[in-house]
Amino acid sequence: MAAISASLVKELRERTGLGMMECKKALSEADGNIETAIENLRKNAGLKSAKKAGRVAAEGAILTRVAEDGTTAVMLEVNSETDFVSRDDNFKNFANEVVNKVLDTRSEDIAVVMEGELEDARAQLVQKIGENITVRRAAVIDAPEGGSVGAYVHGDRIGAVVVLKGGNQDVARDIAMHVAAINPSVSHPEKMPQSELDSEKAIILAQPDMAGKPAEIAEKMTQGRLKKYLAENSLINQPFVKDQNVTVAEYAKQAGAEVVSFVRFEVGEGIEKEEVDFAKEVMEQARRS
């Protein structure tokens, strides 16, 4: 059986809101696999849903720019090793130069964007600061003819760009704020990957209240719950963050717009970072000295 660390229990508690002992037991039964533990808890009706993994592996910043005509937006992630460096003016100036280049070139190819002076500037910044600085990814988002784009960044760590058919940049920015805050899975229910629907269906069918139900009743209940799941996780059907009385789709319609798509970046998402036990590190250094 895998050893269950306190940090793993803490993460499961943060993602589920359940008690420490319940989380530790779930992790023990799942042999330390947090995703399996969450799935088992949901199957046993221990919780309705869980937050997405919040552990991020890299520090840095998210930046956006919108072209003057409002038809193109770009978004960029630049990483540093520590949050302290990401707040440094030298880092910020460099990141701004890069995002401006992305907008000028309309290129998502980091190698193309960084070629020449910017790569030299990055190397010099690494030498000056003493941390590795990387330009991780860029997105170039165009509006359809007659459409608009809007961008929003929260605390330099989460950015979103929304594309609308019709509307204007302000409306798109408001919806981008919603995307940054709520983190929907997809823009429209029909865009939900089939693999996710299959996984959710399996979880629903494994829940205790489905046991012994006739096949046709179980299927009807499953479809109802899947419909609710799609509504909760699809941008257009979510209650708008600035006015809970309307959905995002209704808010856009009031402004003569229709949601087309969105892109969302969060600093460090998907990157694993080694957690350092500073107390242990200091003790080891003391022993060696």
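Let's start with N183, which is partly exposed, with a relative accessible area of 24%. By that word I mean anything between buried, under 20% relative accessible area, and exposed, over 50%, using a 1.4 Å probe and protein chains only. N183 sits in the loop between α8 (169-182) and α9 (194-205). Helices here are DSSP runs of H or I with at least four residues, numbered from the N terminus. For background, most residues other than glycine have a negative phi.

A word on what you are looking at: this is a predicted model, where local features need pLDDT of at least 70, side-chain atom pairs count only at pLDDT 80 or more, and totals for chains, interfaces and linings use all residues. Residues are numbered from 1 along each chain as its sequence is written, and side-chain values use heavy atoms, with hydrogens and water left out.

Now please turn to D31. D31 also has a positive phi of about 55° and is not a glycine. You will find D31 in the loop between α2 and α3, just after α2. D31 is partly exposed, at a relative accessible area of 48%.

That brings us to α2 itself. Which residues of α2 are buried? They are C23, A26 and L27. These residues cover an arc of only 95° around the axis, so they lie on the same side of α2; the arc is taken from the directions from the helix axis to the C-beta atoms. The face turned away from that buried side carries the exposed residues M21, K25 and E29. Among what covers the buried residues are α1 and α3 (34-43).

So how do α1 and α2 meet? Helix α1 (residues 6-16) and helix α2 (residues 20-29) pack at an angle of about 115°, with their axes 9 Å apart. Axes are lines fitted to C-alpha atoms, for helices over the stretch in contact, and angles run from 0 to 180 degrees between N-to-C directions. That makes α1 roughly perpendicular to α2, a label for angles of 65 to 115 degrees. The contact, meaning heavy atoms within 4.5 Å, is made by L8, V9, L12, R13 and T16 of α1 and M20, C23, K24, A26 and L27 of α2.

Finally, look at V9 in helix α1. V9 counts as buried, at 7% relative accessibility. Leaving aside neighbours within four places in sequence, V9 is in contact with I4, M20, C23, K24 and L27.

Notes:
Helices (H or I, at least four residues) and strands (E, at least two) are DSSP runs, numbered from the N terminus. Angles under 35 degrees count as roughly parallel, over 145 as roughly antiparallel, 65 to 115 as roughly perpendicular and the rest as oblique.
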